[in-house]
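Q: Let us go through a structure one feature at a time. Please give the general idea, then the case at hand.

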Amino acid sequence: MNKGIGFLLIFLLSISCNNTKKETITQELGKGEKIAINPEKIVKDYSMASTLVDSIEYIPLETTNEGLIGRIKAIHEWNGRFYIWDEQLDAICIFNKQGNFLKKLAAKGRGPKEYIAIRSFYQNPENGDLYIYCDRSRSILQYDAEGIFINRIPCKFITRDFVLLGKDSLALYGGKMPNQEIFSKTFPEQWRLILLKEGTIIKKDFFGEYKDVLLNDVGKSRNFSYFSDSTLLMETIGNDIYRLYPDGEVRPRFTIDFGKYNYPLTFDKSKDESLEIINSLKEGGNKWCKLTDIWETEMSLLIEYSFQGYMFNAIYSKETRKIYNIGPIWANDIDRVPMPVIYASGKDYFLGGLEAHVILYAMEDSNKPSDRVKQIAENLTEMDNPVLVKIKMKKI
């Protein structure tokens with residue numbers, strides 16, 4: 001069953017029922033602000049959007065032959081436009097703030113201005129330039145906000161995610177990827193984070209030993225998040241979050257602490273220890289929490305983590321330092337449709353998407369959606385593009 005639909009059904013039922021010196025950063029983990037989350041401690045009221053959410057805005061995306069989206073992987077919002085990475089089609093679709101389709105960057109190929117496949121995508125919040133990492137051509141391609149080619153940057157570093165720092169430097173996170181094995185001349189030692197300027201490595205950070213067993217640990221490819229001038233690096237092995245500064249300096253910022261449910265895998269575990277932990281998780285343990293994503297606004301953090309085979313959400317107030325553990329179901333009792341999958345954040349909002357068929361399914365249920373959602377549904381078919389959703393939180 002579709003997970004979103006499954007959660008909706010549960011929601012409706014609930015409504016009816018009422019040590020080396022090179023590891024400097026690793027050694028400083030305790031200096032980051034600890035955010036404690038107990039996955040078993042869920043307050044029912046928090047699972048209702050009306051408790052924590054101030055407002056919700058819906059933006060249907062126009063469906064055209066050229067602008068048909070297969071599967072959203074990431075969204076950036078810049079200068080009144082939405083730039084959406086369609087993972088299925090390997091393209092960047094551009095829509096205006098009303099959701100009207102404008103154009104598409106689909107420069108697939110093997111030419112000097114083309115990419116073979118998109119593995120990571122970033123947009124410069126200052127000028128709108130688009131950066132696409134292509135692992136097959138070992139390069140990062142730069143386009144302007146209109147999709148016109150600007151530059152091709154060599155990148156001999158297997159990258160899980162990257163971000164622009166300052167005006168002309170790129171921070172690349174490799175995590176557990178085998179750079180020491182594949183690029184042994186450049187990286188005779190394993191580093192998880194590098195700073196690249198005009199194709200030249202100017203800094204290396206997060207030293208460690210390469211272990212192929214870590215490749216068996218499943219995790220998301222997104223490691224950077226950002227809003228305003230703040231850039232966060234998230235390491236899902238260790239549940240640690242750092243702040244990156246324009247000069248490449250890295251400082252611990254948060255550590256997500258799940259107490260006895262902390263996933264015990266760390267980069268400094270031996271191969272045998274790592275394999276035992278990973279196998280234990282695969283064999284039905286589901287007894288640990290794994291940090292999977294984090295989004296930041298001026299007021300709060302939205303933390304996504306997995307536990308017992310489900311995805312959980314929690315909101316952390318940066319002002320009061322209080323955690324609101326939503327749990328596996330975040331029910332939109334405001335409009336009586338499921339809450340969206342979150343893809344981005346802005347100064348004061350989280351940005352997500354709802355598939356058209358999920359909205360249409362909600363129309364058939366006895367708990368009728370709000371009038372504004374009904375109006376959106378009247379113009380939808382199951383094959384239409386998703387509806388973007390902006391969520392603004394209350395001051396909590």
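Q: Why is strand 11 said to be largely enclosed by the rest of the structure?

A: This is a predicted model, in which local features need pLDDT of at least 70, side-chain atom pairs count only at pLDDT 80 or more, and totals for chains, interfaces and linings use all residues. Residues are numbered from 1 along each chain as its sequence is written, and side-chain values use heavy atoms, with hydrogens and water left out. Buried means under 20% relative accessible area (1.4 Å probe, protein chains only); strands are DSSP runs of E, at least two residues, and helices are runs of H or I, at least four, numbered from the N terminus. Strand 11 (residues 161-165) has five of its five residues buried, so the rest of the structure largely encloses it.

Q: Which residues lie on each side of strand 11?

A: In a regular strand, side chains alternate between the two faces of the sheet. Here Asp161, Val163 and Leu165 are on one side, Phe162 and Leu164 on the other, and all are buried.

Q: How many bridges join strand 11 to strand 12?

A: Strands pair if DSSP finds at least two bridges between them. Strand 11 has five to strand 12 (residues 169-173), and the two run antiparallel, with Asp161 opposite Tyr173. Three residues separate the strands in a hairpin, and Gly166 in the turn has a positive phi of about 65 degrees.

Q: Which residues of helix 6 and helix 7 meet?

A: Contact means heavy atoms within 4.5 Å. Ile359, Leu360 and Met363 in helix 6 meet Val373, Lys374 and Ala377 in helix 7.

Notes: Buried means under 20% relative accessible area, exposed over 50%, partly exposed in between (1.4 Å probe, protein chains only).
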